Each structure stands twice: as C-alpha cells, then as structure tokens.
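Please look over the model below with these notes beside you.

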Amino acid sequence: MATGDELKAALHDLVDRDYTFMHICGTHEAAIARTGLRSVLPEGLKIVMGPGCPVCITPQGEIDAALKFVEKGCIVATYGDLLRVPGTKGSLESSGGDVRVVQGIHKAVEIAEKTPDKEVVFISVGFETTAPTVAATILARPPENFSILSCHRLVPPAMQWLLEQGEASLDGFLLPGHVCVVTGYEEYEQFPVPQVVAGFEAEDILLGLLMLVKQVKEGRHEVENAYPRAVCREGNRKAMDLMYEVFEPVDVEWRGFPVIPKSGLKLRPEFRQYDALEKFGIEIKHVEKHSGCICDQVLRGVAQPTDCKLFGKVCTPRTPVGPCMVSHEGACKIWNLYHVRHL
Amino acid sequence: MATGDELKAALHDLVDRDYTFMHICGTHEAAIARTGLRSVLPEGLKIVMGPGCPVCITPQGEIDAALKFVEKGCIVATYGDLLRVPGTKGSLESSGGDVRVVQGIHKAVEIAEKTPDKEVVFISVGFETTAPTVAATILARPPENFSILSCHRLVPPAMQWLLEQGEASLDGFLLPGHVCVVTGYEEYEQFPVPQVVAGFEAEDILLGLLMLVKQVKEGRHEVENAYPRAVCREGNRKAMDLMYEVFEPVDVEWRGFPVIPKSGLKLRPEFRQYDALEKFGIEIKHVEKHSGCICDQVLRGVAQPTDCKLFGKVCTPRTPVGPCMVSHEGACKIWNLYHVRHL
Amino acid sequence: MCVAVPAEVIEKKDGNIGVVDYGELKQEVRLDLVDVEIGEFVLVHVGFAIQKLSREEGLSTRELFKEVYAAMEE
Amino acid sequence: MCVAVPAEVIEKKDGNIGVVDYGELKQEVRLDLVDVEIGEFVLVHVGFAIQKLSREEGLSTRELFKEVYAAMEE
Amino acid sequence: MKVNLMHGAGGEVMGELLSVITKFENNNAGGIGLESLDDGAVIPVGDQKIVFTTDSHVVHPIFFPGGDIGRIAVSGTVNDLAMMGGRPIALSCAMVIQEGFDVADLERIVASMDAALGEVGASVVTGDTKVLERGSLDGIIINTAGVGVANHVVRDNGLRPGDVIISSGTLGDHGLAIMAHREGFDLGEQIKSDVAPLWGMVERALAAGEIHAMKDPTRGGFANAINEMASKAGVHVEIDEEALPIRTSVRSAAAMLGIDPLEVANEGKTIMGVPADDVEAVLKALRSHKYGKDAAIIGRVTEGSGVVMKTKIGGERFIEAPIGDPVPRVC
Amino acid sequence: MKVNLMHGAGGEVMGELLSVITKFENNNAGGIGLESLDDGAVIPVGDQKIVFTTDSHVVHPIFFPGGDIGRIAVSGTVNDLAMMGGRPIALSCAMVIQEGFDVADLERIVASMDAALGEVGASVVTGDTKVLERGSLDGIIINTAGVGVANHVVRDNGLRPGDVIISSGTLGDHGLAIMAHREGFDLGEQIKSDVAPLWGMVERALAAGEIHAMKDPTRGGFANAINEMASKAGVHVEIDEEALPIRTSVRSAAAMLGIDPLEVANEGKTIMGVPADDVEAVLKALRSHKYGKDAAIIGRVTEGSGVVMKTKIGGERFIEAPIGDPVPRVC
Ligand code: SF4
Ligand code: SF4
Ligand SMILES: [Mg+2]
Ligand SMILES: [Mg+2]
Ligand SMILES: [Mg+2]
Ligand SMILES: [Mg+2]
Ligand SMILES: [Mg+2]
Ligand SMILES: [Mg+2]
Ligand SMILES: [Mg+2]
Ligand SMILES: [Mg+2]
Ligand SMILES: [Mg+2]
Ligand SMILES: [Mg+2]
C-alpha cells in the first residue's frame, strides 16, 4: 500500500480549487472521523456524507414494527447498531423485552433452534453487503419459529434518485467499498459522474480522493477502483445470485427520503413463511419526521449537520431528533463527536 | 374475663388424672405456643392438634393448580399463608409470577377491576369462617377476568371422620372459636363427646379446658360455650345462608386424609363462570405423600410430630416434607419452633 | 383456624363498607355479613366483619368462670 | 456501510463453515458466499466471508498509486 | 445448592449462607474482623480505633411512613458504627439504579440522606453509581459503608450473667409500618417507621455507664438480635412479655396481619446489656434523647443458653430467630 | 426526568446524574470529599490520612476469561485506593444475591476475592448479605468499600503542562474480553481481562518518582479517564495513536465488533501524569512489576484543554468520553 505521507503530498500537489465529493458509506465516515482524515486534506477538498448508513435510513415505522415483535413476546435478535435507535415509543434496548445482539443472522437462527417454544424475529438491516448472508441462511430453511423483518436497502436506486435531484453540487462519489465487494461496480457505470471505489484504511480513502480529483481534472467520468484487493468489476456473483434467489426488489421509503422505486428487498413468495410482517400480521406505518430536522438534506449532501438549527441543542446523541443523530455512522452524530466540540 | 391465675389454680385443683383434648384450629395452636400455655398446665393435661389448619390440609394437587395459573400468566392473589407452601415444583413465592398477597377476596377483586386486560385468580382457602366472605363477594358479581380456585373445607365432616376412626383416645374437643362464630355449634351436638367452644386469649383456652375437664369428670358430653362474647348457638345465619347460596358441599380430599364426603365447597352452577378450574380447563391431580411422613396420624391426634422419624432431620420448616411442617399453623412447624429446640 | 380481631365500628359508608378501629389503627372493612351500628364491636376476619361482639357477654366470661368453678367446689 | 475485516482461513469444516484468524483472534465464520482454500484471505462481514482478498492486488495498491501519481506528473 | 429467600432473612438459615460468604482467609486487619460477625469491624490505625461497617439497602416501598430508603441507608450504617461504640465520621454511598427510575425521587432520597447525616455530624465522602437496564433490578439499591472512630469498642457478644437487658424504645415499628403501608392493606400512614440515626442517643448512654453489649435489632427483629447476643455470649436471656414496649397501633396491626412484632425489623432501636449498677444511669441517659424516650428494661441475663419469654399468663416460651421474612397471614 | 442507561455509562451524561446524586451538604469529613469526584476520599484521623472509596460491581457474565466478579470487586476498590496513593488495609463486602443463585458459584467468587486480597495484603473485615426474590435482580451485585492509609495523597486532577502521560499497560483488555465472551460471538477465552489489584505496582511507582495525577481507566475506558483528568486539571493532552499499547487480539476483536478499544473498561491499569524528569524511573518501576510490564509513554500534557489524538496518518482528532456503553456493531 502507498504510504499516507506520499498520498497526502500528492493530494496537496494536485488540489488547486474547491472539490466536493460524496461518500455513501457510514463506514467511510467512521474511518474518516477516527483517523482525523479531514485534518490532513488540502484546503478546498471537502467530503460530504450521503445516505450510507443503513440504520440512519431505516424509517421509524420499521423500528416501531421491531418493537411490536417485542410486545408480542418474541425474542428479537439484531445487530447492536439497532439497539438504541428510537422508535415512536422507546428503543429496543429500553423495551425490557428479550432482545439479543447477534453477530449475524446465523446466530439468530441458532437461538431459534435452541428455543423451539419461542418465536425469534431477526431485524434484518443492511445493504447489498449484508443481504446475501441473509439469503444464504434463508435458503438453508431455518426452523418454523424463525422469521425476519426485512429492512434491506439497495444503494444504486438511491444514488440515482440523488443524481436526479441534482441539488448538491458534487464533483464525484467515493463508492462504498464493501457494498462493491459484493455487487461489483458495473451497475455504477450508468451514472455520468466521476466515481471511485475505495477501501477503509486512511490510505485507501486518500487514494480514492486522489483518483477522483484526477478524473475531474482530466474531465473524465468513469468508475475506477482504488480497492482492488477486495473489489472487482463483477463483484461476488455467487452472493448476488443468492440474494436475488431469495429477495425481489420493492419500492420502499428511506428515512428522510420519499419512497424510492425498487430500492428495497422483499422475500420472494416461496420464502414468505419467514416474513415476520406477514406471520404476525403487522404493517409498517409511515411516521412523520420532526419538522425542524434537515436530515434529508444532510443525507443528500446539500446541507451539513451544523446547518440544522436543532443540531447540538435540541438534537444531541442522547436526545436524537433525526436519524442522522442516531447511528454510530450517522452524519450528525459523527459531527457532534468529532468535529464540533472544540474546533 | 377471669384472670389467668384463677383459671390456672382451678385447673390444677381439678386435674387428677390424664386428660387428652384435641383442638381443631391452627389459631388455637398458635395461641397456645405463643403464650407458652402448655407450660402452665397441670401435669397429665394434654392438648393435641387436629386437622385445623386450612393450609395444612390443602392437598398438594391444589397448590400445583395454583402454580398452573401463574404459568398461564394470570395474576394470582391469595393470603400470605399460601406463599411458601411447596407444590410439586416450587412455591407461589418462588414462582417468579405475578403473585399478590391480599387481605381478603375483595382486594383481589379490586386488582381485577384495575387490570381488566389480565386474568386474576384468587386462591380461596379457609373453613366456614372464610367461605362466607367469598360468597358475599361472588354474589356481587365481580368482573369477568376474575375467578377463584375454591379450596374451602368444612369442619364437621372431618370431625365425624375422625370420630369414626376412633384411633385417638381423646377425652374431648376444644371447638374452633372462629369457625363457630359463623356456624354456631348446633351441628356439633350430634357428636357424643365433650366439646367446648373456646376463644383465643390464653384465658379463653384455659377456661375451655376447665370446662372440658369438668364435663369429663361429671360424665357429660355436650357442647358448651366458653366464648360467648363472639359465639352463639345459631352462629351467623346471614353468613351461612350466603355461603350455601353460592357454594354446595362436595366430596373432597384433605391433605394427609382420604376423600371425606361432603367436606368441600364447590361453586353452584350459576356461579361457575368464576370457577378458575373450569375457566382454564385445569384438573386437580392427586399427589402421593412422601412415604415417611406421618402427618395424617398427627392430624388425627394419634401421633405427635416427634413420633415422626423425619421430624427435625429430613423435615424442617425450611425443607418441609409434609403439610404439617409447612404452615405457620402446622403442628410440626409449631412444635419445631416452640417445643423442641431446647426443651 | 382463622386470625380474627375485635374492632369498634366507627363509621359506616355506602356499599356495605365500614371503618373500624382495632386500637390506634383504623381500617375499612366489609360489613356484608353483619348488621351493625356505629359504636358496636365486631370480629374482623380477612377484611370482613364476621360477627358482632356482645360487650355484656364479654364481661360475663368472668361470671362464666365463677359459675363453672363454683359448681366444681361442691 | 458495513464493518468488514480481513482474515486468513486456517481451517475448513463441514457445512460451509471455516475458521479464520483476524490476528491473534480466531473465529468460526460461514463460507456460504465464497469458494476459498486454507491459507487464503477473506473479508468477513456479519460472520460471513463475503469475498476472497487477493494478496497480489493488495500489494499492487502501491503500484496503483504510483501509476496514478506518475500519470499526473506529466 | 441454590440461594433462597430464607438465606437472606437472618437467623440460622442465613448462617449457612454466611458460612460460605465469610470464608475469607484475609478477614481481619488486626482488630475485630469479619469472623466476629458483629455490627462492624475495628481496624487499628496509628493510635486510633477505626470502626468500619457496610449494608446494602433494598426497601419496598422506597418511601414509607416515617422515612425512606435514603434515611435507612444512612441510619443503618450510622447505627452499626454506633453499636460498636464508634462515632460516625464518613460514609460511602453506592447506588444501583434501575433504568427509568425517577430523578425527582433520587433528589428526595439524597435530601433525606443528607438530613440524617446532619443529625449525627457525618458526611458522605465518596460514592458510586450504576444504572441497570430495565428488568434486571426492581427500583434502587443503596449501599453505604461507614467509617467511625471509637474510644471504647462495644461488642455484641459481651452479655454477662447479671446484666439487665434494655430496649431503647418500642419494638416492631419499622417492620409493621412497611407491611401496613404495602398495597392491599389500606392502612395508609397510621404506623410510622422508627428509622433514625442513633449516634447522639448512644453517645449519651456510653457516657452514662458501662454497656457490656449492644446491637441494633434490624433484620429478623428483636427475636433475631437477642438470640444472636445470647448465643455469642453463651448466656441465657429471660424476657418479660409485659415489659416489652410495643405501640398499641403496632400491636393492632400485628394481630390483624398475624405477625409477631418481635420478628420484624427496627431501624432506630438498640438492645443493650448493662450491668445492674449502671442501669438507672444508662436508662436516664437514653430517655433524655428524643430517640430513647420509651427506653425500658425488658429482661435479664443469667447463666445458660437460649432466650425465653415469660408470658403474661405466667407461661414460658422460647423466642427464636425467625425463619424467612414474616408474611402477613390471615388464616 | 427518568434515569436511563447512558446515565450509568460515565462521561458527560453521567455527570448530569451525578449532579443530583452528589448534592450533599454533608459531603466532606475534613479532607477530600465527595465534591472532588476523585477515585476516593481522604479523611484525616489522628495523624493519619485515611483513604476511603466504594464501588458496586455488576458484571455479565460473572465468570469471564481472566477473572470474575469477585476479582473485580476487590481489584476495583483496591485500585481506587491505590489511585489516591493509599495502601489498602480493609474492605467491606456487601452482596445482593438473587434467589436461585448457585452457592457453588458464591464459593468460587469468595475464593477469588480472597486471592486478590492476598496479593496486596488487604482483608475483607465486614460485610452484608441481602437475598432478593426472583425477578427483582439479575444475578448478583457485589459492593466493596475500602479503607486505606496514604503517606502521600495522589489526585486525579494534578496534571501539569510538561507532564508525560503513562499507561501502565495495554488498553481495552477487560472490556473486549467481556464482550467477546458474551453469547453469540463464539470467541471463547481468546481475550483475557486484565483485572488485577494494582497496589503492589503502584507502590513501586510511588517510590520511584513523583506522580502528579493518577486514575484507573475503568468505566468509559481510557477515553473517559483521560478526559476527566484533562478537564479537572484544565490542561490539554495529546495522545500518540501509534504509542498506545493495545494487544493484537484486542485490536482484532475491536475491529470485528466495531468497538473503539479506548472506550471500554480496563480493570488492571492506571493512567499517570509524571513530570518529565521522573518518567524514566517511574516507567522502570512499573515495568518491574508483572502488572506493569507493558507500561508505555502515550502522550504529553500542554496548556489548553481537551484531549487530541495524533493519528497514524498524521491527522488529529478529539478523544471524547463515550456516550453510553459501547455496543458491538456490524454495519
Ligand atoms: S442535527 Fe438532528 S434534527 Fe438536525 S439534521 Fe441532524 S439528525 Fe436531523
Ligand atoms: S415432621 Fe414432616 S414428615 Fe414428619 S409428620 Fe410432620 S410434616 Fe410429616
Ligand atoms: Mg447491626
Ligand atoms: Mg452493617
Ligand atoms: Mg445493619
Ligand atoms: Mg465508581
Ligand atoms: Mg456491637
Ligand atoms: Mg477509579
Ligand atoms: Mg470507587
Ligand atoms: Mg472504581
Ligand atoms: Mg447487614
Ligand atoms: Mg487519584
């Protein structure tokens, strides 16, 4: 890998005007924050956040549904990330129910196997990176007392929607490395903007930025790969095939966004027995966002958290108003932690 | 009231040979133990215990049924006395369920009124003293989510059964004062043995004993009343009428005894909606007693707790084997506490 | 069996409810099973008055003893 | 999104299960989504290997930078 | 074996659990240690005798007539120090709080602790707070430990034949206040807990005469405390039923609930063994303090073992440490 | 307002709860009191400086790789005493136990406490036991309070510009051992907690040189401790990411679980501020003890405020006290 010092020097050499790039990956934002990466960028080079955190973009109605399973006495298994996300009435963590943090869906299935007299519902969030793991597990036919609440989302439809809005004056996109591990990046070639697939070490991100600046300067718009040790153009076909064997795309709302066509994943009819919503007769309800929250603009890259009047006052990591203040990968939360306090 | 000293002197004057009287009231035993009454009696005068503790004589199957209501998620309300009585699998206290100690059935009904979304089952033990309070409450038509497990027992059928056995060489009976408050004592006149209704102060009991000794000496066998401030021959007619309006006698097992004809109380058909057994489809199962336990003999007055090989060794108040070691009014428990330790 | 305690009726309320005094301790109890007036004494069991107590009879326990014992003296 | 960590496959078991080493830390992971051999590197996400990592490609990131930067020098 | 509720209720059963829990080889810091199971320990530091004790407090309801968990948490530890002859100096306060607990209630509790501290001139100087998630704790647990300084250490094992047993006041108030106040008995606030920090009163008694043994009759009540004192000292104690100070309201509630007032906790009383010559002076000193005005002679110590009560009827019966917490009974 | 879990996780949020819980007027016994929120309090008794501290311990699971709740209960209090410069003398032990708890587990816990006590020559001299009914507590809570004696009191607010920050060893071990061991991650015993009583090590360091400030990075981890030390002293602290001692296995688990190892508890470490002249000697003393062999210089103190980390890439970012207990994240 190239050293950080070389990359920083190259970027400083190269950047001669203002550039704004968007990443659409919470893990990119977390890495940027953790490594203090913004502090080493040349002036003028800005990274803004897109809708890349699967927890942030899970609408409140889906969290409320998860809480309904708790109420019904189910064991609810999920990733730790979802524990503290507030629904209309509290969070999974404060629900007092039997909520288990698991590493992945296979561990939730193990719980179901061990407690055959209890219903186990797995709250299944995640983008294309995660959905294939769910598909592989469902294909192995888990026991009858197991089901999932599918909150999956697909990245390209959201990116397309963003580009159609055309609000943010973006010079290009840092593509989500781990999504592309699975999907490859062929699908992104349809978008007429500079794009680079990047990994998650500071050096990976610096390299990605360097390649983006170069594309802009050279007037190109294509998809380049700065993460070749993990990503190839075709991705992981086996994983993608499994995903589409089990799921089909569906129109769905994103938190802070309207309904985006074909941007969600629903179990195909032959796997409906694992659909917790159908099994328990629960419907996802749309919940109106708090009026002052500009999360939608933040997630579209047209506003920064500090542009929000509620930021740091009414809306804090402890009393989150919008989704972006909720997740560890949420833009507002990360800004609250790393950018604002003393700078 | 006559003073204790006068009564003691009179008893000592009078007792010239061995006398054995049986009381059939746990509260008598408790009073005797609490006041150290046996220590002031003349030598030769013995008081033995009969089946007078409603907790002791409640068969294990009925406790198991109470635990089933806990399992079914009902709120179980009962008197504190029943909390620690072991069923086949633990006690109400250790069940982890929503078990409420109430002063009486009316408080259980209040709970049902306050929690309309929960079933409330009242575990209803007690002799004729208690059953009318239950009857009065049922007649007022409690809410639909309320029902009772009727474990009631009647005293005279058990006394008749005891007399028919003829094992214990008893000189007479101290009749249960508070049962007779309600029933009066006319019904006891059928039994051809000396009987005296007694109250629960030390002086009341001493007076009762004095009257019993006198009957024996005079060769009489009748029912006399040493508790006239509370008991009259006809009892409380209003209470008895209510009791029989709601309940009908039924053949039933007593813990440590066989089935005694017409010795229990069952809700009459028009009140069956309040019968928890029918409501939840639960049956009382007969549970075999531990082989070494001689509780049945203790309760019939033919053996003392210290005659039992298990007493104080395998069977202690903490690890009760038989019913008599369970209740605060149980013969074995009381002997363990007050008689055996250092004497 | 049956813990029961004497108490004085100090108030009557609607719905067969009365307030009794056990001795520096007052409580509401049910009066369904007895007909009593304020100032009378009752025996209370599981929160219900189960019988009126007669003061005169109560006082006469001493007499009762005297009778019994006197009879024996002979 | 998606925390994923590289690990070396050190054992393969029945039922699409493998043991990986993240660096002084071993764990069983699911191999449903990849075809790998012992000694190869994978990227692990939510307990599943989601892709093989190519060592050669990994090493060539430095080359990639050099290429990119060299191209710019011109 | 599993721990059960009786293991926590004092008396003989609790002894079994204690034998496990006190199996420390490192159990004494050169004074009186864990092995003596007294109200507290004594640690010599320099030329001073430091008294040290702890208690965790769980009370339902947390606010009750006459007090609250905060007042108990301070009084319990102040009193254990006082029972050793120690002037309370500093307390620690460690709260374990359930998620969802009302902060306004915490404020009340802290204010109540502060008031009790003020009565005896002690301070809470160090603390700890843990919050547990819903479902893993019912309400709040407050632990206090206390550090005091004793001029003259008093033990709970010092009864001697010839001693007179004094109770500093009425018995059973706290336990019956709690029970009467619980939902379902509708007795409201008619019985008040006696919870109080006793150092002021004990200090006067210590100055007035010799005290051979002292203990606060908390868990398991008087019945438990007097048995512990008798058995540790290897003496017989005889109690006069008629001399026992018990409030009429407490007696009434005890009768109604089927509970022995000698078996429930007191939180503002001490039981003392005092040599006959000093009884008058000690009694006078106790009665001079607001928390000791009902102090009474309730029995005497002789050679032998066990605790016997002379009943009103002239009978005798043993007073035994209760097994398990008393439960209201009605039949 | 209701108490929530974040109120118990250290940091700024906890501060809000603490402002309620520490609102005692009687908060100081003439030395260092509750107001200073240090690792413990100091009480002058005679010519001695008594150090006093307390902690309640709730750990799930109660037995974990490298230790158990008993070892934590003793180490936590011994370490708080040590952080004040106090030699641990006597501990109290108050257990609140759920009905149904296994007595064999209690025996193991007591033996483990005893072993930890033996390491530093302290004793459990007084105790208390409560048993709660099923459903009102999840497992066991052990409170210990500790009494120690200090020749020279060390505070957690004593950092001065020019001081060097030392960590006595690797960071994140305990927190990640607990998390990795929890059901569902199947990492078994690969990561061991660092739980240990540190007095022996601290004693050597105290003898070797001057220590301006000392704190054990327990709840909230290093991130919380260093922020508290910086803000109490009114100084700026700069940490070198590359100098931080973190085990490879801890790093791996942290990456896999999405957890920052600086935000989880350590139970056998101390963070010190040492004047430059004494750094060598203190470091040598620490490394001479088995619990200090990975001791390292990790940063420095300058004028200003806040804690900043120089990252490997040459960037800068703040280290903030965490909000809420870290939860494993996967996406
Ligand atoms: S600060 Fe809060 S309210 Fe404002 S945009 Fe962010 S999440 Fe929404
Ligand atoms: S001692 Fe126990 S086993 Fe023996 S008769 Fe009594 S209850 Fe039965
Ligand atoms: Mg004590
Ligand atoms: Mg104590
Ligand atoms: Mg105490
Ligand atoms: Mg603490
Ligand atoms: Mg003492
Ligand atoms: Mg500390
Ligand atoms: Mg502490
Ligand atoms: Mg600590
Ligand atoms: Mg105690
Ligand atoms: Mg310190």
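1. Start with ligand 2. The residues around it, each with a heavy atom within 4 Å, are B:C293, B:I294, B:C295, B:C308, B:L310, B:F311, B:C315, B:V321, B:G322, B:C324, B:M325 and B:C332. By class, this shell around ligand 2 holds 11 nonpolar residues, one polar and no charged. Here Ala, Val, Leu, Ile, Met, Phe, Trp, Tyr, Cys and Pro count as nonpolar, Asp, Glu, Lys and Arg as charged, and the others, Gly among them, as polar.

2. Which cavity does ligand 2 take up? The space taken by ligand 2 is the largest cavity. A cavity is a set of points, on a 1 Å grid over the protein atoms alone, where a 1.4 Å probe fits but cannot get out.

3. This is a predicted model, in which local features need pLDDT of at least 70 and side-chain atom pairs count only at pLDDT 80 or more, while totals for chains, interfaces and linings use all residues. Residues are numbered from 1 along each chain as its sequence is written, chains are lettered from A and ligands numbered from 1 in the order in which they are written, and side-chain values use heavy atoms, with hydrogens and water left out.

4. Turn to chain E. It has eight helices and 14 strands, read as DSSP runs (H or I, at least four residues, for helices; E, at least two, for strands) numbered from the N terminus. Its radius of gyration is 19 Å, close to the 20 Å that the globule rule gives for 331 residues, so chain E is as compact as a globular protein of that length. That radius is taken over C-alpha atoms, and the rule is 2.2 Å times the number of residues to the power 0.38. Buried residues (under 20% relative accessible area, 1.4 Å probe, protein chains only) make up 67% of chain E.

5. How do the chains meet? No contact joins chains A and B, whose closest C-alpha atoms lie 12 Å apart. Chains D and E do not touch either; their nearest C-alpha atoms are 26 Å apart.

6. Last, helix α4 of chain F, residues 173-181. Eight of its nine residues are buried, including F:H174, F:L176 and F:M179. Their cover includes β3 (63-64), α2 (69-83) and α7 (248-257) of chain F.

Note on methods:
On a 1 Å grid over the protein atoms alone, a cavity is a set of points where a 1.4 Å probe fits but cannot get out, and a pocket is an open set with protein on both sides within 12 Å along at least five of seven lines; lining residues have an atom within 4 Å of a point. A molecule sits in a cavity or pocket if more than half of its atoms lie within 2 Å of its grid points. Buried means under 20% relative accessible area, exposed over 50%, partly exposed in between (1.4 Å probe, protein chains only). Contact means heavy atoms within 4.5 Å.
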